[in-house]
Amino acid sequence: MNLFNVFPGLFFVMFAGFLLVPVEASAQQGSIRGRVFNELTNEPLPFTNIIIYGTTIGSTSDLDGYFTFTGVTPGFVRLQASSVGFESRITEEFMVTNARTANIDIGLREIQVELQTVEVQASQFERREESPVSLRRIGIQEIERSPGSNRDISRVIQSLPGVAFTPAFRNDVIIRGGGPNENRFFLDGMEIPNINHFATQGASGGPVGIINVDFIREVEMYTGAFPANRGNALSSVFEFRQINGNDEKVNFRGTFGASDLAMTADGPLSPNTTFILSARRSYLQFLFSAIGLPFLPTYNGFQFKTNTKIGPRAELSFIGIGAIDQFQLNLNANETEEQRFILDYLPVSEQWNYALGSVYRQFRDNGFDTWVISRNMLRNFSYKYPENDESQERTFDYVSDEIENKIRFERLVNAGDYRIRFGAGSEYAKYLNQTYQQLFFMNQLQEVDYNSSYNMFKWSLFGQLTRSFLNQRLSLSLGLRADANNYSSSMSNMLNQLSPRFSASYKLQENFFLNFNTGRYYQQPAYTTLGFQNNEGVLVNKQNNLKYISVNQLVAGIEWLPSRSSKLSLEGFYKAYDKYPFSVRDSVSIGSQSADFGIFGDEEVLSIGKGRAFGAELLYREQRLQGFNLILSYTFVRSEFKDFSDKYIPSAWDNRHIVILTALRKLPRNWDAGLKWRFSGGAPYTPYDLEKSSIRDAWDIQGMAYFDYSRFNSQRLSAFHQLDVRIDKQFYLNKWSLMLYLDIQNVYNFKASQPDNYLRVEDEMGRPVTFIDDNGIERYELKRLNNSIGNVLPSVGIIVEF
């Protein structure tokens, strides 16, 4: 149901009302304070020239590397820093307001300076020798202003090149034909297990992101060419870089968003320690109840960071993030067939999770050490009563814990012309699972009832060597990583998970590059798969000699930088999967199945799955095109896995064509406008087995139709496209700021096709119609319900900063 239809014009009235409120928006100005330093040693860089990028406004750092700007026009800005003997750098974007001083630290890389050099202009698109391909960055302006995203970083990710998206209300991270379980996420170097509320256990999906955008400075996405210090990923690695708290005074930011309320505070705790802290709570349950949806979700989130400078050569950060996600069925919303259908099959699913850790960095004369210690935990529970009648025995009852305690050491060293990174990691993990489930399998009722638990130690070693040749025109990087654990003998030998990677980049001209990477990467199967147990208490998949999943990747491309603010790149990629868990029950690789809410991978599997994904990705970025910040990408991708007969069949991620256009523009008088248009080819899907689904015993257990895996992914949905627009207005007032936005998703109301649902036919009393077939089997009479989703979805956001 569409909120816009329920409350016609409400959102526009609210937005217009705020704009008509009389405020004194005098010419308020902001300030910037920062520090320039050697990124390898943390030594200050005095007399560095810093300018506000795109202007002639400049400053110079003092003997301690500090600099200030005052009288800065509020808005998003970049700085450009240049110092003799160091590479010039254009920083990531950050926001300047009158309510607070913007703080930024700028690390510069030292270079060998000859008597006669050619000055190379800095670019907004930083390059990294270890990952010359498949690395994308997104700044805070593109995150804050992204149309259709409502300041949800998980939705912003779905706007990046190579990332597929679905019309469903999910934030699955599906990259270059890989599944949502193939990604890893790091927050200031600390790994976090998931980034979404109501996360799918064993994968990455969920309806709403956990990470508060107020914390984010920049996001880096690796879709290949993973650095050796990042493991256990097959499709992507995300690095979320956070800001530090303000070191002058305590500031507050309150946000009324599309689905939640949030409060963020930051400031100094001591002369050398800052903090930033936030809490969020959703109000979706009230909206969903008002419009008659049969489910009522409530999510709560927290996030914090402290940063302490320990003298000139060390710093220590404490980081935390977590969520409490609650859910209940709205049994009063049962007036329509569609409502009753949802209530019949949907279980109650709740969870909470957290990640806590510390990051210690010690600088040396030629590099620095990093220590990361963390703990994370997920508790997930789900249950279902027949007909939602709590007086009956549950047909499904699930409780699971995933606990990880980690420590990682890294050292980065410059040794002459070589850049060396090496380190090691260790982890202790614990998994608990209590499952009771009724299944209809092999044409009979079966019960799964087990209590599983195991402890596991993991360890890893990694190193990467990088050097440039031919007067910095050719850069090469060779990395090696090995992982192991004590789950089984097949996983405990590091040589079985030896993961080499090699990157090369050649500069044909100052602004034109040829890039290449190849590597083999390994990922441990999900805890839900490792911990699956039969009724006799046997860890079935351990007995089946489950192995690490592997993928061989090859990426090659060209990159052209026509100007400091524009970039055009073309990359081709190929991924070959091996030892993917293959479902014994469904006779398909679980890598080709779609992941819904709840649990993924909790079943018997064999390490025999093989698959491939291949395609090409074209990206054009222009940050100053007639005042527009423009991102245009096209991805062609094929994703296939072998079935039980050794034939390639499309995976659920085989969208084939993905087009994303994002255009943002700053307008006079503190207005901003943007649009995003997305196109995705239709995804494959599996039709239902109506013969099995109509059996009364089968339907009563699941509450919905069963897939026909003999026709796995044999059908395909129609293509999907959507236009989102957003308008922002900022008021910079005396000592505080007010920011408003109106976001409208699916402006032209496109209806996206989905697989049809099947419902039980009801008589005039609302009772399901049954009959006895010729074999004496009681069956329900089923009918098809056309299924399409998509409505115009407007929302208003209000942000107050003081």
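Author: **The open sheet and its setting**

Ile51 stands opposite Gly58 in β3. Helices (H or I, at least four residues) and strands (E, at least two) are DSSP runs, numbered from the N terminus. The open sheet holds four strands in the order β3-β2-β6-β7, with antiparallel pairing. Its edges are β3 (58-60) and β7 (89-90), each of which pairs on one side only.

The model is predicted: local features need pLDDT of at least 70, side-chain atom pairs count only at pLDDT 80 or more, and totals for chains, interfaces and linings use all residues. Residues are numbered from 1 along each chain as its sequence is written, and side-chain values use heavy atoms, with hydrogens and water left out.

The protein chain averages a pLDDT (the predictor's confidence in each residue, from 0 to 100) of 90, and 94% of the residues score at least 70. Over residues 1-8, however, the pLDDT is below 50, and this stretch has 16 contacts in the model beyond near neighbours in sequence; a contact means heavy atoms within 4.5 Å. Where pLDDT is low, the predicted coordinates should not be read in detail.

As for the whole, the secondary structure of the protein chain comprises 11 helices and 49 strands. Residues 24 or more positions apart supply 67% of the contacts in the protein chain with a separation of 6 or more. The C-alpha trace spans about 95 × 70 × 45 Å along its principal axes.

How values were computed: Two strands pair if DSSP finds at least two bridges between them.
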